Amino acid sequence: MPELPEVETTRRGIAPWVEGRVVSAVQVRQPRLRQPVPAELAGLLVGARVRTVQRRAKYLVFDFGQGQLLVHLGMSGSLRWVALNEVPGAHDHVDLVFGDRALRYRDPRRFGMVLWQPLEAGEHPLLAGLGPEPLSDAFNAAWLLACTRGVRTPVKVALMDARKVVGVGNIYASESLFRAGIDPRTPAGALGPRRIARLVGCVRQTLAEAIEAGGSSLRDFVGSDGKPGYFQQQYFVYGREGEGCRRCGGGVRKLVQAQRSTYFCPRCQRR
DNA sequence: CTGGTCACCTGGAAGC
DNA sequence: TGCTTCCAGGTGACCA
């Protein structure tokens, strides 16, 4: 997916277009996403007005008053604001139509989701139990320290645990740990208050800078205005195995943790 | 509870 | 050129 910065960039890109507008039609070409797109989606949304477009973790939350449309972009999803007469491609699975324009959901790998949560049902189960937003005050050193005590999981894997903090994906987990000077293999519970505090700051800084940069330019991501053009962010370590560390010049190494690639500099990052 | 593994799906790149 | 294999931004479900 788009990691959190891409989701936030998408939100900022589409919100001005869809907020306040009324859905005139819904087109579902492929309902088989990670979870099925609700069959009654058109009946629920046609005639309803988008109040706000918010984000919780990597979910986009379209508030319609009587309920929320949750959109998760999975690994390869994107949302674009298109002219209705633009011919949909093979992986353009869902359109929310607003007059002569549409919000078009594309997702080649179909790991994403489009879900409906009625107002009376409260918080969606997938959102319940999520940890704090990384850029909120609730994600602080005291919290991370508390929820890593006794945890033997490598800190990189722990950072990607949504119960501890949401929105830290595979790229930014490696990047944050590089900035913090922490070896990704360190058991989370072995980090003391000072290093935990440093890590919290580095996570926030890494994500904030990426959002500022407009998200990273990745193969499947297309800007919400239709231009495929966020500039590629310069990563410290991600995807740079064998290349020189930008800080010390030493070789960046790659290892696999929990079936995901981790990149780090063994000289700059310590246990 | 924790920690580890698997599954879902397509496409692009690398390898032969 | 063409076929095969590997790998990719996520995360819920399942198991010991």
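1. Start at the hairpin of strand 9 and strand 10. Two residues lie between its strands, and alanine 258 takes a positive phi near 50 degrees there. Strand 9 (residues 253-257) and strand 10 (residues 260-264) pair in the antiparallel sense, over five bridges. Arginine 253 faces phenylalanine 264 of strand 10. Strands here are DSSP runs of E, at least two residues long, and helices are runs of H or I of at least four, both numbered from the N terminus. Two strands pair if DSSP finds at least two bridges between them.

2. A word on the model. It is predicted: local features need pLDDT of at least 70, side-chain atom pairs count only at pLDDT 80 or more, and totals for chains, interfaces and linings use all residues. Residues are numbered from 1 along each chain as its sequence is written, while chains are lettered from A and ligands numbered from 1 in the order in which they are written.

3. Now the DNA. Ala258 is among the residues around DNA strand B, as are Gln259, Arg34, Phe111 and Thr153. Near means a C-beta atom, placed from the backbone, within 6 Å. This surface has five nonpolar, two polar and four charged residues. Ala, Val, Leu, Ile, Met, Phe, Trp, Tyr, Cys and Pro count as nonpolar, Asp, Glu, Lys and Arg as charged, and the others, Gly among them, as polar.

4. Look at threonine 153. Its place is the loop between helix 3 (141-148) and helix 4 (155-159). Threonine 153 counts as partly exposed because it has 17 C-beta neighbours inside 10 Å; 20 or more would be buried, 12 or fewer exposed, with C-beta atoms placed from the backbone. Leaving out residues up to four places away in sequence, threonine 153 touches Ala158, Pro187 and Ala188. Contact means C-beta atoms, placed from the backbone, within 7 Å.

5. Strand 3 (residues 59-63) and strand 4 (residues 67-72) pair over five bridges. Tyrosine 59 stands opposite histidine 72 in strand 4.

6. Finally, valine 71. Beyond its neighbours within four places in sequence, valine 71 is in contact with Tyr59, Leu60, Leu79, Tyr105 and Val114.

Technical notes: Contact = placed C-beta atoms within 7 Å.
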